[in-house]
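Me: Can we go through the charges and the burial in this one? Start with the surface, then the pairs.

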Amino acid sequence: MKTTKKWLAALLAAMMVLSMAGCGGGESSSAAAEGSSSTAAASSQDSEESEAPASSAAQESAVDVKKLADDMYAAMTFDDEMMELSAEVLPNIYEYDPEEVVDFKVYTCATGGSADEVAVFLADDDAGMEYIEQMVGYRLDTLRSNFEDYRPEEMSKIENAKVLTNGYVTALVVSNDTSGAEEVFNNAF
């Protein structure tokens, strides 16, 4: 039964990618390539731990990034089924460099039909923070590009997305109501 659900999720994701590509009109090739990567995300349903090495910022951080992401996720409601992204799939969704991101946890829509997302990243230094801020900005640009013609009703979520930072921790929250996740994030520090 579990395998059937995985195949169904992969099939749904593939259908979403194909429909987004068909609706995209003048999408750039990088946006279209990013959209097609959601098939890989859906086919990798099993959660895997980040393989990013521990560093001084990770050791000094009083915040457990994975627990923070889980708590933010639990404080929200979503329009669709969500899934956790593995370290292998993350580069298909984000412009991810494991040398700049010490630790992370990302939840995104399993079907590709919603812009809902919760992502928490930890940097090791100021350069890593700058990289993560840019990476999150690119992700928001991709979401805009993918949803503006495909599901314009999702645009309000994307335009009202919250990027939260404290120290070397950055979080991206995309949902109809981000207040629960914002509260959890602010209380974690």
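**Charges and burial**

Reply: This is a predicted model. Asp 125, Asp 126, Glu 130 and Glu 133 form a negative surface patch.

Me: Where does Glu 133 lie?

Reply: Glu 133 is in helix 7, residues 126-147. Glu 133 counts as partly exposed because its relative accessibility is 43%.

Me: Now salt bridges. How many in the whole structure?

Reply: A search finds 11 salt bridges. One of them pairs Asp 103 with Lys 66, with the closest N and O atoms 2.6 Å apart. Asp 103 lies in strand 2 (residues 101-109) and Lys 66 in helix 5 (residues 65-74), so the pair ties together parts 37 residues apart in sequence.

Me: Are Asp 103 and Lys 66 buried or exposed?

Reply: Both Asp 103 and Lys 66 are buried.

Me: What does Lys 67 pair with?

Reply: Lys 67 forms a salt bridge with Asp 71, at 2.7 Å from N to O. Asp 71 and Lys 67 are four residues apart in helix 5, so about one helical turn separates them. Asp 71 is partly exposed at 31% relative accessibility, and Lys 67 is partly exposed at 47%.

Me: And which residue does Arg 139 bridge to?

Reply: Arg 139 bridges to Glu 117, with the closest N and O atoms 2.7 Å apart. This pair links distant parts of the chain, Arg 139 in helix 7 and Glu 117 in strand 3 (residues 117-123), 22 residues apart. Arg 139 is buried at 7% relative accessible area, and Glu 117 is buried at 0%.

Me: Switching to helix 9. Which residues are buried there?

Reply: Gly 180, Ala 181 and Phe 185 are buried in helix 9 (residues 179-187). Down the helix axis, the buried residues of helix 9 fall within an arc of 135 degrees, so they line one face. The face turned away from that buried side carries the exposed residues Glu 183, Asn 186 and Asn 187.

Key:
Residues numbered from 1 in each chain as written. Predicted model: local features only at pLDDT ≥ 70, side-chain atom pairs only at ≥ 80, totals over all residues. Heavy atoms only, no water. Patch = residues over 30% accessible without salt bridge, like charges linked within 9 Å, V, L, I, M, F, W, Y side chains within 5 Å. Areas by Shrake-Rupley, 256 points an atom, 1.4 Å probe, with all protein chains shown as cover. Salt bridge = Lys/Arg side-chain N within 4 Å of Asp/Glu carboxyl O. Lys, Arg positive; Asp, Glu negative; His and termini not counted. Charge placed at Lys NZ, Arg CZ, Asp CG, Glu CD. Helix = DSSP H or I, 4+ residues; strand = E, 2+ residues; numbered from the N terminus. Buried < 20%, exposed > 50% of the residue type's maximum accessible area, 1.4 Å probe, protein only. Arc of directions from axis to C-beta.
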